[in-house]
Amino acid sequence: MLVEANGLVKQYPRVRALDGVSLDIREGEVFGLFGPNGAGKTTCLRVLSGLTRPDAGDARVCGVDVRRSPTEVRRKLGILIDIPFPYEEMTVHEYLTFFARLAGLSPAEVPARVDWAMAFLGQTQHAASRIGRLSMGERQRTELARVFLGRAQALFLDEPFSNVDVSMRMALRRNLKEWVAEGRGILFTSHNLLESEAIVDRFAFLHLGRVVAVGTAKELKDKLLAPAYVLEVSDVDRALGLLAAVPHQSLETAGAGLVRIGLLERKDAGAIAKTLVGGGVDLLEMRSVGTMEDVYTRLARGAVPPPGGGVP
């Protein structure tokens, strides 16, 4: 287990940022933390990386106790929490070379590793540019290049896709999946649930410093969302008539050649294709309706068990 946290508490003068947070992150996993501003996401990353000391609870990251050895924890991590404003007079190449050395790379490894990181993040053309003159998006790319320089066992990333363009986000998603495929892990926060759904293995939702739900996208959707499907069919009117026999809570057209059906129970999904085909209607496509944004909305409305009742 790369991360094991139990009952983490962090109290500030006017707010309890973490209120008994427990979670675990496995090797080969992308784990996402989600929630509104002030939910405790960044504080959780800071505590687990040894940058902020918890008031209660304990955690081990990459086998190291974060209370006893916070510096050793950070040696095993690649951390992106804030876009830094120091080092503004350094060039991109100087900045990455500096941090490659801090990451423990040998002098012989540094040049090739820096060149690779700049090329991957599309910063080669900015190698001689000063950090202070970069756009926010270019600074974010430079910071991501810094994170990938070392030989970290885990990455802690706070809003890694912020200010990054579409092509870079697609490339970054691929690289993150390759990273964890080698037995490493990633913990990251984001406000973009639709984008995160393409990469996250397990989701944890925080509210007022508490974990209110944990699970895969399928587990959380099955638990919190009513089963609904959009069907592309050869005959909409005939499909509507046939599907009326399937137990449902809603049934309607959803556009040209499309039918939307909301079921009472997910186990009835198999009856959809059987009913249509048996009635002579071609089912061209069937896709589940419901995103992690819908899960978030359901949680935000309070339609969820109290802390401890999330999906295991």
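Arg75 is exposed, with a relative accessible area of 61%; here exposed stands for over 50% relative accessible area, buried for under 20%, and partly exposed for what lies in between, computed with a 1.4 Å probe on protein chains only. The structure is a predicted model, in which local features need pLDDT of at least 70 and side-chain atom pairs count only at pLDDT 80 or more, while totals for chains, interfaces and linings use all residues. Residues are numbered from 1 along each chain as its sequence is written, and side-chain values use heavy atoms, with hydrogens and water left out.

Arg75 joins Glu72 in a salt bridge, with 2.9 Å between the closest N and O atoms. A salt bridge is a side-chain nitrogen of Lys or Arg within 4 Å of a carboxyl oxygen of Asp or Glu. Both residues belong to helix H2 (residues 70-75), where a spacing of 3 residues places them about one helical turn apart. Helices (H or I, at least four residues) and strands (E, at least two) are DSSP runs, numbered from the N terminus. Glu72 is partly exposed, at 29% relative accessibility.

## Other salt bridges

Side chains of opposite charge can pair when their charged atoms come close. The whole structure holds 20 salt bridges. One of them joins the side chains of Asp19 and Arg210, at 2.9 Å from N to O. Asp19 is in strand S2 (residues 16-25) and Arg210 is in strand S10, so this pair ties together parts that are 191 residues apart in sequence. Asp19 has 22% relative accessibility and counts as partly exposed; Arg210, at 39%, also counts as partly exposed.

A salt bridge of 2.5 Å, N to O, is formed by the side chains of Glu195 and Arg169. Glu195 lies in helix H7 and Arg169 in helix H6 (residues 166-181), so the pair links parts that are 26 residues apart in sequence. Glu195 is buried, at a relative accessible area of 12%. Elsewhere, salt bridges connect Asp24, Arg26, Glu29 and Arg202 in a network.

In strand S8 (residues 185-189), 5 of the 5 residues are buried, so the strand is largely enclosed by the rest of the structure. In a regular strand the side chains alternate between the two faces of the sheet. Both faces of S8 are covered, with Gly185, Leu187 and Thr189 buried on one side and Ile186 and Phe188 buried on the other.

S8 pairs in the parallel sense with strand S3 (residues 30-34) over 4 bridges; two strands pair if DSSP finds at least two bridges between them. Leu33 has Thr189 of S8 as its bridge partner. S8 also pairs with strand S7 (residues 154-158), in the parallel sense and over 5 bridges, and Leu155 stands opposite Ile186 of S8. From S7 the chain crosses through H6 to S8 in a right-handed β-α-β crossover. The term right-handed applies if, with the strands pointing away from the viewer, the path from the first strand over the helix to the second runs clockwise.

## The open sheet

An open sheet is formed by 4 strands in the order S2-S1-S4-S5, with antiparallel pairing. Its edge strands are S2 and strand S5 (64-65), each of which pairs on one side only. S2 pairs with strand S1 (residues 3-11) in the antiparallel sense over 7 bridges, and Ala5 has Leu23 of S2 as its bridge partner.

## Ser49 in its loop

Ser49 is located in the loop between helix H1 (41-48) and strand S4 (56-61). Ser49 is buried, with a relative accessible area of 0%. Its side chain reaches the backbone oxygen of Leu45 at 2.8 Å and the backbone oxygen of Arg46 at 3.2 Å. Such a polar contact is a pair of N or O atoms within 3.5 Å; within protein, one must be able to donate a hydrogen and the other to accept it, and residues adjacent in sequence count only if both atoms are side-chain atoms.

With neighbours within four places in sequence left aside, Ser49 is in contact (heavy atoms within 4.5 Å) with Pro70, Val73, Arg74, Leu77, Ile79, Ile81 and Phe156.

## Helix H11

Helix H11 (residues 292-300) has Met292, Val295 and Leu299 as its buried residues. These residues cover an arc of only 50 degrees around the axis, which puts them on the same side of H11; the arc is that of the directions from the helix axis to the C-beta atoms. Their cover includes helix H7 (193-196), strand S9 (202-207), strand S10 (210-215) and helix H8 (217-224). At the start of H11, a side-chain oxygen of Thr291 comes to within 3.2 Å of the backbone nitrogen of Glu293.
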